[in-house]
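Try each task before reading its solution.

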Amino acid sequence: MSTPLPVVLAGARGHGRWHVENIRRLQRAGLVRLVGICELTPLTEDEFGGELPEQSADFGALLESTGARIAVICTPIPTHTDLALTAARKGVHILLEKPPAPSYAEYRRMADGVAEAGVACQIGFQSLGSHALPAVRELVAQGAIGQLVGLGGAGAWVRDEAYFRRAPWAGKRRLNGVDVIDGALTNPLAHAVATALALGGSTRAEDVTAIETELLRANAIESDDTSCVRITTAQGHPVTVAATLCAERADEPYVLMHGSSGRITFWYKQDRVLLQRADHGPEEYEYGRTDLLENLVAHLTTGAGLLVTPDETGAFMKVVEAIRQAPDPAPLPDTAWHRVPGENRRVVPGIDGLVAAAADTLSLYSELGAPWALPPARQKEVSTR
């Protein structure tokens, strides 16, 4: 059995706690060992839940002193590129949390630097490790739903007002003059966008030819909490994704593949697929998934293919860039939302149905007759090199 690979985790609080537990799981399996944690404020043993590895606020120094082979980066979005390049220059392989960067230029700087350094980099879109993806692509290739016409994505989530105060960058488009581009489609429901693009075979930057955005907010934030996007692809399959953090009730997000003679629904957090087609009863399937850190370890030890390379997130980053360049999200009129008593959250009545309808018809909110929707901001594809 091979020696466990030493791992440093940058960002062990918030979502980073999930990475701590995942690293512990792989440590028990003998695949990795956690040798360092990079946090500006050190963790206590109580907080960590056990004996702590080496800690430092200096990421580069920590990588050197621990002899890390892998860095897991789960830090604020604007720090992703510089931390990834610090690891790459030291020959350390990377699992970089999504979204990989707050702008297309920063993404290219990261991806080019990583490629030049010759290290492996996995982008943390966990849903792209689902075994449902190759299975669904195979169903489509076999003609199970006829010709692929387009893809819709729907995410109706509930977040209270404290969610937007969880970190200084939360709910921000920019912070201290630096891009953040936190928002429903670029961060919490980014998987809906990335998964829809992946299922349609449009993952690379050149696969995107035009993008329309409608960005709105019910909360007192800079970024969008209720938004939709329609992506025109070189493959000819439009991809429309609608999202809100102001749903009446939380629902499982999904991607819907529209075919000429059927449809496939993929609930990507559950790895669950529903196939509906002409002359057949509905068929439901459940799949496993490959953990992305485990896949990175397998890549380094056995040569397994990486599941989510930086280049395979280029199309997603074109969407982030279109959202970055769009006008700032418009505040919804006071009549379009209300507070839920006792829950400290804002709800947009009717948004759950609009999100589902957008995925179902590949339409934007304005085309569905939402009284508060604005005409879409359109961005034709331009070179961002």
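**Exercise 1.** Find which residues of helix H6 (residues 132-141) are buried, and say where they lie on the helix.

*Solution.* This is a predicted model. Step one: list the buried residues. In H6 they are Ala-132, Leu-133, Val-136, Leu-139 and Val-140. Step two: look down the axis of H6. The buried residues fall within an arc of 125°, so they line one face of the helix. Step three: find their partners.

**Exercise 2.** Describe the largest nonpolar core and find which element gives the most to it.

*Solution.* Start with the count: this core has 100 residues. Those with the most contacts inside it include Phe-59, Ile-231 and Phe-316. H7 gives the most to this core, with eight residues. Another core, of 25 residues, lies apart from it; Cys-228 and Leu-332 are among its members. Now take Ile-231. Beyond four places in sequence, the residues it touches include Val-193, Leu-197, His-237 and Val-319.

**Exercise 3.** Decide whether Glu-39 is buried or exposed.

*Solution.* Locate it first. Glu-39 sits in the loop between strand S2 (32-38) and helix H2 (45-48). Next, apply the cut-off: buried means under 20% relative accessible area. Glu-39 has 15% relative accessibility, so it counts as buried. Last, check its surroundings. Setting aside neighbours within four places in sequence, Glu-39 contacts Gly-11, Ala-12, Arg-13, Ser-56 and Ala-57.

Methods: Residues are numbered from 1 along each chain as its sequence is written. This is a predicted model: local features need pLDDT of at least 70, side-chain atom pairs count only at pLDDT 80 or more; totals for chains, interfaces and linings use all residues. Side-chain values use heavy atoms; hydrogens and water are left out. Buried means under 20% relative accessible area, exposed over 50%, partly exposed in between (1.4 Å probe, protein chains only). Helices (H or I, at least four residues) and strands (E, at least two) are DSSP runs, numbered from the N terminus. The arc is that of the directions from the helix axis to the C-beta atoms. A nonpolar core is a set of buried Ala, Val, Leu, Ile, Met, Phe, Trp, Tyr and Cys residues joined through side-chain atoms within 4.5 Å. Contact means heavy atoms within 4.5 Å.
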